[in-house]
Amino acid sequence: MSGLSLEGVVKRFGATAVLHGVDLRIEEGEFCVFVGPSGCGKSTLLRIIAGLEEATAGTLHIGGRDVTNIDPAERGVAMVFQTYALYPHMTVAENMGFGLRMAGRPRAEIDERVGRAATILKLGELLNRKPKALSGGQRQRVAIGRAITRDPGVFLFDEPLSNLDAELRVEMRLELAKLHRTLGSTMIYVTHDQVEAMTLADKIVVLRAGMIEQVGSPLEIYDDPANRFVAGFIGSPSMNFVDGEARDGHIRATGIVANGPLGQAAAATNAPIQLGIRPEHLAVTAGNAFTIDVIEHLGGVSYLHLEAADGTRLVAEARSARGARPGERVAVTADAAHLMAFRADDGARIRAA
């Protein structure tokens, strides 16, 4: 296992900068997930760690060793790509041991490492099959097994589940979590899917436009987002945002009022603000402030999409909404302890004094 640190990493393609001085430390044995929208630089950052892209500026250390200018094969990393990249004419065992054969490792060592990886990934009965005889999930496990046989210090995953259907994605998420627990290795995982990030990560790195917006554990980022972007990106359904005004120590927005320390802090900014509240922190009550527009019944929980006369829209989570109907008029009550305020112009978090 190896820890990893990046200092001042910049990447430019011509005149276009895609990474702007990234500083990050990943501890030995952590499962770290890079998450963000398309084009935020997360895959470029992963490829720099792998050595597939050269950093324009900055340094990279793996296991305390400066590998900034070292070839990929010498960095002690193994990468699992979005596509399986398996050789169709080789068996599962041959695919998993290919890198070791190219490195000239003894046959006994190759067989031992392939056998160990097959046991971990439950591929023992498939070792003599070729990729065309495997399901998508099995092929991805073979690709992961190929990385395991190299016994790397750091595993790198570039959106490895994006080609799988919904059921297989859930299954493979669980398999990856178990794999990390079994191996205890440092793993870095890139995804645009915040559910994958919340499920797998010890540490989440939220990126936007080539910069890190926030680093923390899944629940730290969910419960205490640094700004409006992070608050809206992490969470499904997304956090509700309502335009409001702060005056005399109170925040007022359609259907929501906040006072006390948060209201005083927001009023002190002397700028337009937005209130943020997650769907699970809204309670639907009798009233006529909102109209139920759409209801998503998901079994144990329902999501009510609400609209006010002024166009304000909210999503509220309800545990017992089987009797609710579209077109019904309701009111909402917000849990004041979970209200957040953000500057409307730059999205910066306003915190209670």
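I am working with a predicted model. I began with an open sheet of 4 strands. Its order is E17-E16-E15-E18, and the pairing is antiparallel. I then looked up the edge strands: E17 (313–318) and E18 (329–334) each pair on one side only. Neighbouring strands in this sheet are turned by 55 degrees against each other on average, direction ignored.

Next I took the pair E15 and E16. Strand E15 covers residues 282–297 and strand E16 covers residues 302–308. I find 7 bridges between them, in the antiparallel sense. I also noted that His297 stands opposite Ser302 in E16.

**Largest pocket**

I turned to the pockets. The largest pocket holds about 300 Å³ of space. I count 14 lining residues; Val77, Ala78, Met79, Phe81 and Arg150 lie nearest the centre. Strand E6 (77–80) and helix H4 (136–149) are the elements that give two or more residues to this lining. By class I get 12 nonpolar residues, 2 charged and no polar.

**Second largest pocket**

The volume here is about 170 Å³. I listed the lining as Ala93, Glu94, Arg101, Arg107, Ile110, Asp111, Val114, Gly115 and Leu127. H3 gives the largest share, with 5 residues. The classes split into 4 nonpolar, 1 polar and 4 charged.

**Backbone details**

I checked for a cis peptide bond and noted one that joins Ser236 and Pro237, with omega about -5 degrees. Pro237 sits in the loop between helix H8 (228–233) and strand E11 (240–247).

I then looked at positive phi values outside glycine. Lys122 has a phi of about 55 degrees and is not a glycine. I place Lys122 in the loop between H3 and H4. Is Lys122 buried or exposed? Its relative accessibility is 62%, so I count Lys122 as exposed.

Ala209 is another entry, with a positive phi near 50 degrees in a residue other than glycine. I find Ala209 in the loop between strand E9 (203–208) and strand E10 (211–216). Its relative accessible area is 48%, so I log Ala209 as partly exposed. The cut-off for exposed is over 50%.

How values were computed. Residues are numbered from 1 along each chain as its sequence is written. This is a predicted model: local features need pLDDT of at least 70, side-chain atom pairs count only at pLDDT 80 or more; totals for chains, interfaces and linings use all residues. Side-chain values use heavy atoms; hydrogens and water are left out. Two strands pair if DSSP finds at least two bridges between them. Axes are lines fitted to C-alpha atoms, for helices over the stretch in contact, and angles run from 0 to 180 degrees between N-to-C directions. On a 1 Å grid over the protein atoms alone, a cavity is a set of points where a 1.4 Å probe fits but cannot get out, and a pocket is an open set with protein on both sides within 12 Å along at least five of seven lines; lining residues have an atom within 4 Å of a point. Grid points are joined across faces, edges and corners, and a volume is the space filled by probe spheres set on the points. Ala, Val, Leu, Ile, Met, Phe, Trp, Tyr, Cys and Pro count as nonpolar, Asp, Glu, Lys and Arg as charged, and the others, Gly among them, as polar. Buried means under 20% relative accessible area, exposed over 50%, partly exposed in between (1.4 Å probe, protein chains only).
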